[in-house]
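Thanks for coming. I have one structure to go through today, and I will keep it short.

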Amino acid sequence: MTGFVLTRRIIRAIADLYRATQYVKSGDFSHRVPIEHRDQLGELGQSFNEMTGSISGLIEEQNKRQRLENEISIAREVQNQLFPAPCPRCPAWKSKPSCKAARSVSGDYYDFIQLSPTHVAIAIADISGKGISAALLMARPSGRAPQPDAHRWHGTLCTAELVARLNKHLVRNTGDDRFATFFIAVYDSATRTLRYTNAGHLPSFLVCHGKSERLDKGGMVLGVVEDYGYEEGSIVVGPDALLIGYSDGLVEPENVYGEEFGIRRLEESAVRLQGAAPLMVAESLMAAAEEWAGTPEQAMT
């Protein structure tokens with residue numbers, strides 16, 4: 001009788017396991033083997049149930065990840081369309097923008113605006129944070145901010161006034177935990193003058209005659225204090241001068257000792273590249289940051 005009972009129990013347990021494998025084979029991972037006894041066969045059934053539960057969780061996680069990747073892909077396409085495709089044409093002016101996101105999308109933003117045959121505006125911004133939320137907020141100043149008339153750039157409107165308007169816009173339309181750094185400059189090829197305002201952004205710098213001059217006049221970041229007065233700076237651009245604008249992703253990569261690449265090394269690299277083509281300058285600076293950190297993750301230059 002003992003042998004008969006044990007045989008029936010073993011056969012029943014094996015049959016339950018076999019039926020469960022058929023459910024798994026059909027793609028149903030919700031089926032569970034009934035556990036009637038806490039013996040070795042019961043432990044085997046429990047192990048099978050835990051295995052199918054783990055597989056079901058992994059499949060669900062993979063499906064969520066796939067949906068997220070599809071959404072990120074759409075966000076990346078939208079973000080790429082916000083960046084200017086053709087660079088403006090202006091006498092004595094050559095440019096090469098480049099954006100390399102640390103993630104699939106980023107909160108970095110840049111733009112070129114042809115104000116007149118001799119006037120070009122350059123803008124660089126960085127929304128606090130990274131990823132999709134920062135990328136979506138990045139679209140707001142590029143698509144909804146108040147745009148001044150182009151002809152006013154030659155008259156009363158200065159870069160500081162424009163930055164003050166954009167600051168008010170962000171304060172009124174974004175949360176208290178969000179802010180943006182912003183740099184804008186207007187280059188006049190007729191007078192070789194560059195007027196700019198830096199709102200808390202990492203300082204762009206102008207390389208000329210083997211020296212680097214940082215463009216740091218302006219004020220605090222955007223989106224914090226609504227009525228804030230910004231300052232406009234001005235500099236004369238010499239022949240063959242090199243203007244470098246960037247975001248934190250280019251200077252924050254760290255080496256194995258935890259030391260950042262930093263602005264000083266970026267300036268030294270740019271000084272050596274003065275006179276090179278814009279494409280070579282952009283690629284060389286990003287390569288220098290990658291070589292320093294041993295990783296290709298940076299945000300934008």
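I will start with the chain as a whole, then take a sheet, a glycine and a surface patch.

A word on the source: this is a predicted model, in which local features need pLDDT of at least 70, side-chain atom pairs count only at pLDDT 80 or more, and totals for chains, interfaces and linings use all residues. Residues are numbered from 1 along each chain as its sequence is written, and side-chain values use heavy atoms, with hydrogens and water left out.

The chain has six helices and nine strands. Helices (H or I, at least four residues) and strands (E, at least two) are DSSP runs, numbered from the N terminus. Of the 301 residues, 42% count as buried, where buried means under 20% relative accessible area, exposed over 50%, and partly exposed in between, with a 1.4 Å probe and protein chains only. The chain exposes about 16600 Å², and carbon and sulfur atoms supply 53% of that area. Areas come from the Shrake-Rupley method with a 1.4 Å probe; for residues, only the protein chains shown count as cover.

Three strands form an open sheet in the order 6-5-9, with antiparallel pairing. Strand 6 (211-215) and strand 9 (242-244) are the edges, each pairing on one side only. Two strands pair if DSSP finds at least two bridges between them. Strand 5 (residues 204-208) is joined to strand 6 by five bridges, and V207 stands opposite S212 in strand 6. Helix 5 (residues 262-272) lies across strands 5, 6 and 9, at about 35° to strand 5. Axes here are lines fitted to C-alpha atoms, for helices over the stretch in contact, and angles run from 0 to 180 degrees between N-to-C directions.

Next, G45, in helix 2 (residues 40-82). Is G45 buried or exposed? G45 is buried, because its relative accessible area is 2%. Leaving aside neighbours within four places in sequence, G45 is in contact with L17, V33 and I35; contact means heavy atoms within 4.5 Å. G45 and A13 are 32 residues apart in sequence and 7.8 Å apart in space, C-alpha to C-alpha.

Last, the surface. F179, V224 and V225 make a nonpolar patch of about 230 Å². Like charges are joined within 9 Å, and nonpolar side chains (Val, Leu, Ile, Met, Phe, Trp, Tyr) within 5 Å. V225 lies in the loop between strand 7 (218-219) and strand 8 (233-236). V225 counts as partly exposed because its relative accessible area is 35%.

Notes: Patch = residues over 30% accessible without salt bridge, like charges linked within 9 Å, V, L, I, M, F, W, Y side chains within 5 Å. Salt bridge = Lys/Arg side-chain N within 4 Å of Asp/Glu carboxyl O.
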